[in-house]
Every structure is written in C-alpha cells, then in structure tokens.
Amino acid sequence: MAETAEVTVLWFPPGFHYRMGDELFGDWTYRDRVGRRSQLRVTRPGDPFSVLLFHHSDGGLRGWYVNLERPQRRTARGFDYEDDLLDVWVAVGAAPELLDEDELAEAVRLGFVTEARAAEIKANAERVLARPPWPTGWEDWQPEAGWQLPSLPPGWDDL
C-alpha cells in the first residue's frame with residue numbers, strides 16, 4: 001500500500017486471510033483465520049513495534065494497538081516479524097493499557113523467553129508509553145473506491 005524508507009503501511013480489508021498459532025505455548029499449530037474488520041498497520045524500519053489502527057464496522061477509528069515485536073523484515077513473500085507478547089491498546093479518548101504481561105511472565109517461566117529478553121521487551125513498552133507513536137498520521141486514510149480483497153498468490157501459506 002505504501003512502502004518508503006521511512007514507513008511501511010499495509011491495509012487489511014475485512015475478510016483478509018492470515019495464519020496464527022492456536023496456542024501460545026506447547027504444540028503450536030497454525031490455523032487459518034479471517035479478519036473481521038479493517039486494519040491499517042504502520043511500521044517504521046527498526047522500530048520494535050508496529051501500530052495497528054482498528055476501525056469500527058462503520059469506518060470510525062476504534063483506537064491504536066501497538067504490537068511489540070522484533071523489527072519487521074521484508075521477505076520475498078511479504079513481511080515477517082516475531083511477536084514480543086506485550087501490547088498496548090489505546091481506545092480513542094482513553095488512557096493506554098499495557099496488555100499481556102501475564103503471557104510474557106509465563107513465557108519466561110517456561111523458558112521460551114529469557115529474563116534478559118523480557119527486560120528488553122518491557123523497556124520497549126516503557127518507551128512506547130513515554131513517547132506514544134500515535135496518532136500515526138494515517139488516521140483519516142481511506143481506501144480508494146473499488147479496492148477489494150486481493151487474491152493471494154500460490155504458496156503464500158507455505159512455511
């Protein structure tokens with residue numbers, strides 16, 4: 001949708017397909033999912049997070065979801081990133097909420113995340129809260145009339 005040296009912005013229309021693990025820990029199986037609402041994902045190179053703009057079904061902005069993650073990488077198929085479990089949710093007009101601290105603690109307890117990495121992730125969350133990356137400048141963006149859900153190329157779901 002928009003990809004420059006400063007920012008990558010991806011639009012996910014209602015009905016978009018993606019895969020996600022069905023369990024946080026244990027035997028991880030990817031499951032096909034379908035997005036119900038429009039999302040806009042704003043990522044700046046090197047940032048340890050992306051900002052997702054979530055919208056109501058009528059198109060109005062619900063809020064910003066800051067997904068803490070390893071910096072996004074461009075690949076031949078699209079973009080890859082590794083989720084860092086902690087997230088920040090900010091509903092329009094509300095204070096930010098730090099989410100999933102319990103998941104990060106459980107990941108440390110089970111040995112999936114080291115104490116040192118957990119401290120880095122928490123520090124990234126503190127930086128996000130201290131210097132909010134919202135608004136993004138994309139809050140009023142709307143897709144052009146006639147844009148539709150694209151067909152995915154063969155092999156998009158090969159791991």
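1. Basis of the note. This is a predicted model, in which local features need pLDDT of at least 70 and side-chain atom pairs count only at pLDDT 80 or more, while totals for chains, interfaces and linings use all residues. Residues are numbered from 1 along each chain as its sequence is written, and side-chain values use heavy atoms, with hydrogens and water left out.

2. Fold and dimensions. The chain contains two helices and 11 strands, where helices (H or I, at least four residues) and strands (E, at least two) are DSSP runs numbered from the N terminus. In sequence order the pattern reads β-β-β-β-β-β-β-β-β-β-β-α-α. The radius of gyration of the chain is 16 Å, close to the 15 Å that the globule rule gives for 159 residues, so the chain is as compact as a globular protein of that length; the radius is taken over C-alpha atoms, and the rule is 2.2 Å times the number of residues to the power 0.38. Along its principal axes, the C-alpha trace spans about 50 × 40 × 30 Å.

3. Buried residues make up 33% of the 159 residues in the chain, with buried meaning under 20% relative accessible area, exposed over 50%, and partly exposed in between (1.4 Å probe, protein chains only). Of the contacts (heavy atoms within 4.5 Å) with a separation of 6 or more, 46% are between residues 24 or more positions apart.

4. The largest nonpolar core. Such a core is a set of buried Ala, Val, Leu, Ile, Met, Phe, Trp, Tyr and Cys residues joined through side-chain atoms within 4.5 Å. The largest one has 25 residues, of which Val 66, Leu 104, Val 113, Val 128 and Trp 134 touch the most other members. At least two residues of this core come from each of strand 2 (8-12), strand 5 (39-43), strand 6 (49-55), strand 7 (61-69), strand 10 (83-91), helix 1 (101-109) and helix 2 (115-130). Leaving aside residues up to four places away in sequence, Val 113 touches Leu 104, Ala 107, Val 108, Ala 118 and Ile 121.

5. Backbone features to inspect. Most residues other than glycine have a negative phi, and most peptide bonds are trans. In this model, a cis peptide bond with omega of about -5 degrees joins Trp 134 and Pro 135, and Trp 134 is also among the core members named above. Leu 85, in strand 10, has a positive phi near 75 degrees and counts as buried at 12% relative accessibility. Asp 100, in the loop between strand 11 (97-99) and helix 1, has a positive phi of about 70 degrees and counts as partly exposed at 24% relative accessibility.

6. Asn 124 is found in helix 2 and is buried, with a relative accessible area of 10%; not counting residues up to four places away in sequence, Asn 124 touches Pro 48 and Leu 68. Asp 158, in the segment after helix 2, is partly exposed, with a relative accessible area of 46%. Although Asp 158 and Arg 77 are 81 residues apart in sequence, they are 9.9 Å apart in space, C-alpha to C-alpha.
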